[in-house]
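Please look through the sequence and the model below before reading on.

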Amino acid sequence: MVDHRKLGRELELFHSDPLSGAGLPIWLPAGAAARHAVEEYVYERQRRAGYRHVISPPLGKRELFELSGHAAHFGDDMFPPMSLSLDDQLVLRPSLCPHHALVFAARGRSYRELPLRLAELGGMYRAERSGVLGGLSRVRAISLNDGHTFCAPEQVVDEVCRELELIRQAHADLGVRVSGFRLSLRGEGAKFVDDEAMWQRASGVLREALRRAGIGYDEAPGEAAFYGPKIDIQIRDDAGREQTLSTVQVDYDKPHRFGLSYVAADGSRREPVMVHRSMVGSMERLFAHLIEVHGGAFPAWYAPVQLAVLPVSADQDEAAGRLCRDAVEAGLRAEVAADGSLGARIRDAAVHKVPYAAVIGPREAASGRVAVRLRDGRELPPVPAAAALDRILGVVKSRSSDLSG
């Protein structure tokens, strides 16, 4: 069984330290490099899809979360307030949606601006009990790829369908393996906002979007967000445990609580609908899944080190350094590995799942050519160094997986 916690230690991707605290992993350089590559992909994918990116603080006044309903319906999962004075209490946010509601409310809005799509990779914090924490899959400090679309009621089904397709494309590019779709519905009790008509309307929107998308799903009463139903896109780890990665939610509650409105074509003021979505979920849970799916051998485009340059001896250090600098300048993540025997360095590159290794011996240094070794053990014929870098860059930019074709 592949365990992302074990691989994370072996590949030096992340570290858990008692002094940092349970559920608060530290991303090491290799893990941070892979994560940054994925974040850049997500940012660009969202930009092309019409999202406008915002940055909001990871905490807010207690009153913000009272207004949003989190304090009443989600309070058990929130960290206690930090009191600066009797009338000034700050809370680590459990979700980004209250701040995004404030972005919409920052000025008057017209129907011509809708759908208004906002996105952010932001921090949120949940007081998870220590017994449920584990590696990257369940943490207390969450880096969420979040987004909120404010749209007119007649636009909401189309927006949900659009989000489902965006999620499908991102999963395909990253190598995410979806185990199923779940329609999470309201359950009993005070956990959920008490507005039956709102729940029926929002659930109907999600059912119609799933029907249009041709997606089969299971229903899960009691698994909705406190403010509305959601489509949960599920993944499963090697131990068979199922978790939610991506999600799309329809929310009529938050716009009403925050008094959000836009000017309609007829001049009247109307409430928008808020569609919450996370394309790839949190960076923590996403990488827990990707580490296990790929066995640590990430696709070249987000591998921590894409090219290891291995001089046979000290006489080739200058040529190796030149190739590494050219690779970095071209946009690759490359490193020179010069310590130890050549065999040990080749094995180390394989152990760390580096996609490509370039061995520089006397002939390569003299001719300016390089033979690239793939992490599956294959070795390609020597080609000019510039051509080798171009081929690697082509694979990286296309998010392909094969350099030999």
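**A walk through the predicted model**

Tyr302, leaving aside its neighbours within four places in sequence, is in contact with Ala34, Ala37, Val38, Leu174, Phe287, Leu290, His294 and Arg333, where contact means heavy atoms within 4.5 Å. The structure is a predicted model, in which local features need pLDDT of at least 70 and side-chain atom pairs count only at pLDDT 80 or more, while totals for chains, interfaces and linings use all residues. Residues are numbered from 1 along each chain as its sequence is written, and side-chain values use heavy atoms, with hydrogens and water left out.

Tyr302 also belongs to the largest nonpolar core, which has 105 residues, and there Val156, Val160, Leu174, Val250, Leu286, Tyr302 and Leu307 touch the most other members. A nonpolar core is a set of buried Ala, Val, Leu, Ile, Met, Phe, Trp, Tyr and Cys residues joined through side-chain atoms within 4.5 Å, and buried means under 20% relative accessible area, exposed over 50%, and partly exposed in between, with a 1.4 Å probe and protein chains only. Helix α6 (residues 156–174) provides the largest share of this core, 9 residues; helices (H or I, at least four residues) and strands (E, at least two) are DSSP runs, numbered from the N terminus. A second, separate core of 7 residues includes Val305, Leu310, Val354 and Ala357. In soluble globular proteins, nonpolar side chains tend to be buried together.

At least two lining residues come from each of α2 (29–48), β16 (307–311), β17 (334–336) and α11 (342–351), and α11 gives the most, with 3 residues. The lining divides into 15 nonpolar, 2 polar and 6 charged residues; Ala, Val, Leu, Ile, Met, Phe, Trp, Tyr, Cys and Pro count as nonpolar, Asp, Glu, Lys and Arg as charged, and the others, Gly among them, as polar.

β16 and β17 also take part in an open sheet of 5 strands, with the order β17-β16-β18-β19-β20 and mixed pairing. β17 and β20 (383–384) stand at the edges, each with a single partner strand, so one side of each is left without a neighbour in the sheet. Two strands pair if DSSP finds at least two bridges between them, and 5 bridges join β16 to the parallel strand β18 (residues 356–360), with Pro311 opposite Ile360 in β18.

Some features of the backbone remain. Lys353, in the loop between α11 and β18, has a positive phi of about 60° although it is not a glycine, and Lys353 is partly exposed, with a relative accessible area of 26%. Glu12, in the loop between α1 (4–10) and β1 (14–15), likewise has a positive phi, near 55°, and counts as partly exposed at 46% relative accessibility. Finally, a cis peptide bond with omega of about -5° joins Leu114 and Pro115, and Pro115 is found in the loop between α5 (97–104) and β7 (116–125).
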